[in-house]
Amino acid sequence: MNISLTGRGLELTDTIKDHMRSSIEALKKYNMDIISANAVASSQHKKGKEHFNVEFVLNLPQKHTIVISQNDGDLHAAIDIALERAEKALRRLHDKEVDHHKTGLNEIKSENVDVKEVAAELEDEIVPVELELYKPREVEDVLNDLKESGKMFDIFIDNEDKTRVLYKRNDGKFGLY
C-alpha cells in the first residue's frame, strides 16, 4: 500500500505523521487490498479560531474510491474520527463481499453444471395437501369446528355441492364465501 501524507497550510510534525501513518496502517486488517492511501491535513481560520480538516482518500482495486473528510478543532481528534469513518466504510464493503455473496445461475453456468437441475434445486418446493372435501357439511358444523380449533379459515362443500370458505374476520365475527 502506498501512503501519501500531505499538509496544506500547516507543517506536519513527526508525531502527526506517525499518528496518520499508524491510522492508515490500521486499515489493513480489513484485507481489502488498499492500493494507495492519501491523507491530507489542512488548517483554516474561521472567526478567529483554527479548524483542521483531515481527508483520507483510499483507492481499492475494482471498486470506487473511498473519500473521508472530517473537520474538528483538534487535529488529532479529526484524524481519529476520520479513521473511525474509514473503518466503518471498509467494514461495510468487507461484510458485503464476504457475507452476502450468493451463487447465481451465471456462476453455475461457468462451472459446467446442469443448469436445469440447479435451477430446480433453487426453486421453492410446493407440497400438495389433500383437502377433506369428501362429504357435504353444514355451515353450522363447520362454524363449531372453526371455533374449537385455532384455524383462521376452513374450506368445505355445502349441501348444494358448492365449495365454500368460512373464515374469522378481524372484528371477531365470521365470514362465508
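## Salt bridges in this model

A salt bridge, as the word is used here, is a side-chain nitrogen of Lys or Arg within 4 Å of a carboxyl oxygen of Asp or Glu. The structure you're looking at is a predicted model, and eight of these salt bridges turn up in it.

## A link between α2 and a loop

Let's start with Glu87, which pairs up with Lys29; their closest N and O atoms sit 4.0 Å apart. What does this pair tie together? Glu87 belongs to helix α2 (residues 75-99), while Lys29 is found in the loop between α1 (14-25) and β2 (36-46), so the bridge connects parts that are 58 residues apart in sequence.

The two partners also differ in how they meet the surroundings. Glu87 has 15% relative accessibility and counts as buried, because the cut-off for that is under 20%. Lys29, on the other hand, is exposed, with a relative accessible area of 57%.

## Bridges further along the chain

Next up are Asp158 and Arg164, whose side chains meet in a salt bridge with an N to O distance of 3.2 Å. Is Asp158 buried or exposed? With a relative accessible area of 7%, Asp158 is buried.

Glu160 has a salt bridge too, this time with Lys162, and the closest N and O atoms there are 3.8 Å apart. Glu160 counts as exposed at 58% relative accessibility, whereas Lys162 is partly exposed at 45%. There's also a network to look for: Arg137, Asp145, Lys151 and Asp154 are joined into one by salt bridges that share partners.

## A three-stranded sheet

Now for a sheet. Three strands make up an open sheet in the order β5-β6-β7, and their pairing is antiparallel. Which strands stand at the edges? They're β5 (153-157) and β7 (174-176); each has a single partner strand, so one side of each is left without a neighbour in the sheet. From one strand to the next, the twist averages 20 degrees.

If you zoom in on β5 and β6 (residues 163-168), you'll find the two running antiparallel and paired over five bridges. Asp154, one of the residues in the salt-bridge network, has Leu166 in β6 as its bridge partner.

## The helix on the sheet

The sheet has a helix packed on it: α5 (residues 139-148), which touches β5, β6 and β7. The direction of α5 makes about 35 degrees with that of β6.

Methods: Residues numbered from 1 in each chain as written. Predicted model: local features only at pLDDT ≥ 70, side-chain atom pairs only at ≥ 80, totals over all residues. Heavy atoms only, no water. Helix = DSSP H or I, 4+ residues; strand = E, 2+ residues; numbered from the N terminus. Buried < 20%, exposed > 50% of the residue type's maximum accessible area, 1.4 Å probe, protein only. Pairing = 2+ DSSP bridges. Axes fitted to C-alpha atoms, helices over the stretch in contact; angles between N-to-C directions. Contact = heavy atoms within 4.5 Å.
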